[in-house]
Amino acid sequence: MKKIINDPENVVEESLRGMAMAHADLLEVHLDPHYIVRAGGPDEGKVAVVSGGGAGHEPLHGGFVGYGMLHAACPGAVFTSPTPDQVEAATKAVDGGAGVLHIVKNYTGDVLNFETAAELAAAEGSQVEAVVINDDVAVKDSLYTAGRRGVGGTVLAEKIVGAAAERGDDLASVTSLCERVNANVRSMGLALTSCTVPHAGKPTFELGEDEVEVGIGIHGEPGRERLPIEPADALVDRLLNPVLEDLPFESGSQVLLFVNGMGGTPLIELYLAYARAEEVLRERGISVQRRLVGNYITSLEMQGMSVTLLRLDDEMTELWDAPVHTPALRWGR
Amino acid sequence: MAPGESDTAGGMATTDDVVEAVVRYAAVVSSHRQELIDLDAAIGDADHGENMNRGMTAAVQALEADPPGSPAEALKTVATTLIRKVGGAAGPLYGTAFLRASTAVQDRETLGPDDVVTGLRAALEGLVSRGKAEVGDKTMVDAWSPAVDAAAAAAGDGVAALVAAAADAAEEGMRATTPLVARKGRASYLGERSAGHQDPGATSTALLLRVLADLASERCGSDAGTA
Ligand SMILES: Nc1ncnc2c1ncn2[C@@H]1O[C@H](COP(=O)(O)OP(=O)(O)O)[C@@H](O)[C@H]1O
Ligand SMILES: [Mg+2]
């Protein structure tokens with residue numbers, strides 16, 4: 001393992017210290033327990049939006065704390081959901097009296113820990129709702145399984161829902177908007193390499209020089225199938241086709257296209273992949289209205305990408321365009 | 001009986017026995033940390049050993065900081081530590097299991113065979129109520145469930161015998177997870193590719209029951225089965 005770390009034990013805490021220093025104008029970082037809130041205290045009278053999950057997906061979620069997006073983020077240990085005391089502390093810290101929405105990615109651990117935190121916070125007088133994001137089409141959904149994972153759609157939900165909270169929507173509206181985003185977003189990812197969790201010390205899986213892992217999540221977990229590497233256009237099609245078929249996205253749909261890097265893939269490759277994705281959509285008569293390209297929800301240093309499509313309506317588009325000022329996303333302000 | 005004294009002859013578990021079991025389990029988890037990480041790397045996200053190690057270390061510290069006055073208190077301290085401090089799926093699931101076990105033996109100063117069975121059963125029910133997994137889903141339930149059945153069947157033979165039976169059944173259940181296709185937890189995302197790997201949570205459960213069995217057999221010595 002070769003990483004820019006001091007001790008695997010302290011990776012999350014030392015990184016949080018750096019974030020606090022680098023973004024002192026935007027963030028307030030708490031270390032006991034770990035959580036990140038906007039600088040300047042709670043937004044009185046506005047709904048607060050809180051998210052969290054394992055560390056190792058940066059900039060998600062801490063990098064999305066700030067004006068127009070999240071009020072707080074709770075990073076767990078690397079790839080491990082946060083604990084209820086973190087989420088409870090963050091929830092109480094940002095509750096401005098209008099209620100708190102938890103945006104939770106669908107993993108058993110995240111769901112259970114956020115549920116417990118919501119109960120604890122509610123017992124102390126906070127009004128808490130939760131929406132579970134489950135946009136990953138690589139996972140077959142059924143009543144008898146843990147269901148689909150929450151992946152790239154989470155970034156879009158946090159931006160759009162954060163903007164609604166910023167303009168003063170109430171808790172019920174913010175919650176139902178988040179559900180609407182989740183219902184209209186689909187994603188799929190692939191990996192060219194595995195990643196190494198610091199405390200594990202070696203790659204989570206082994207992938208040959210000429211292999212790709214298709215249908216991965218964001219925790220270095222193996223995907224659904226392993227295939228020989230192909231040119232970029234074919235790889236993009238492998239991700240885009242199941243996404244398109246799933247909702248389905250049809251001719252005439254207006255969409256936001258998000259091509260995300262898994263952490264170790266350079267932008268030069270992501271833009272190349274983006275071009276193919278937008279061309280395929282154009283051929284299908286799907287109109288790309290908004291775009292996002294970059295490393296926003298990552299799996300440490302994994303090479304790979306995911307493609308996310310969100311079917312937009314006018315309100316979502318307006319909220320996407322609304323000003324945002326966070327460490328990782330900033331426009332209009 | 002004075003608090004802190006082991007009633008070896010009767011095969012009753014004292015508060016100190018419960019604390020000792022927790023301390024030993026923490027040591028066992030620590031020495032199996034890498035193995036549990038490797039099992040989780042194959043079908044999950046390579047953190048189960050780390051999660052359990054962090055949680056049990058914290059549980060031992062919590063017991064030392066605030067020594068419990070009853071078996072139920074000891075179990076509750078472990079539960080709240082795991083629930084509040086561990087994260088992941090294992091934190092709330094094991095935490096709920098310990099919490100329900102604590103509630104089930106609330107008023108007992110020492111634990112006899114029936115109490116141990118009641119506690120184990122409550123633990124299983126707790127984790128099923130949180131995780132909604134059934135036997136065969138390739139989770140820790142596959143180790144807990146046969147362990148509870150075996151413990152109940154051996155309840156008449158005393159604490160040491162019943163936990164020994166539970167540990168054997170848990171190990172068998174753990175091994176039986178290998179061919180299964182996971183339907184719960186992260187491993188379920190792999191679909192068919194989850195088959196051929198032993199479940200990490202079932203493994204940590206089998207380790208827990210083996211700790212209880214070893215401790216009880218030491219404490220009871222040749223009296224095992226005479227309770
Ligand atoms: N719904 C569930 N019910 C019971 N046990 C579960 C469930 N989901 C996961 N588990 C258990 O949790 C173990 C994984 O724990 P851990 O790796 O610590 O958490 P995470 O899955 O969040 O990374 C699995 O091996 C499995 O035994
Ligand atoms: Mg795990």
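**Around the ligand**

Reply: Sorted by class, the shell around ligand 1 holds 9 nonpolar, 11 polar and 7 charged residues. Here Ala, Val, Leu, Ile, Met, Phe, Trp, Tyr, Cys and Pro count as nonpolar, Asp, Glu, Lys and Arg as charged, and the others, Gly among them, as polar. Please keep in mind that this is a predicted model, where local features need pLDDT of at least 70 and side-chain atom pairs count only at pLDDT 80 or more, while totals for chains, interfaces and linings use all residues. Residues are numbered from 1 along each chain as its sequence is written, and chains are lettered from A and ligands numbered from 1 in the order in which they are written.

Where does ligand 1 lie? Ligand 1 sits between chains A and B. Of the 27 residues around ligand 1, the nearest are Gly109(A), Ala90(B), Gly131(B), Gly185(B) and Gly201(B); a residue is near a molecule if its C-beta atom, placed from the backbone, lies within 6 Å of it.

Now look at the helices. At least two residues of the shell come from each of α3 of chain A and α3 (48–65), α5 (90–104), α6 (113–131) and α9 (200–220) of chain B. The largest share, 3 residues, is supplied by α9(B). Helices are DSSP runs (H or I, at least four residues), as are strands (E, at least two), and they are numbered from the N terminus.

Next, the two chains themselves. In chain A, 31 residues are in contact with 28 residues of chain B, contact being C-beta atoms, placed from the backbone, that lie within 7 Å. On the chain A side, β4 (72–78), α2 (84–94) and α3 (108–123) each give at least two residues. With 5 residues, α3(A) gives the most to that side. The side of chain A that touches chain B has 12 nonpolar, 14 polar and 5 charged residues.

Ala79(B) belongs to helix α4 (residues 71–85) of chain B. Ala79(B) counts as buried because it has 23 C-beta neighbours inside 10 Å; the cut-off for buried is 20 or more other C-beta atoms within 10 Å, for exposed 12 or fewer, and partly exposed is in between, with C-beta atoms placed from the backbone. Leaving aside neighbours within four places in sequence, Ala79(B) is in contact with Gly95(B), Phe98(B), Leu99(B) and Ser102(B).

Key
Contact = placed C-beta atoms within 7 Å.
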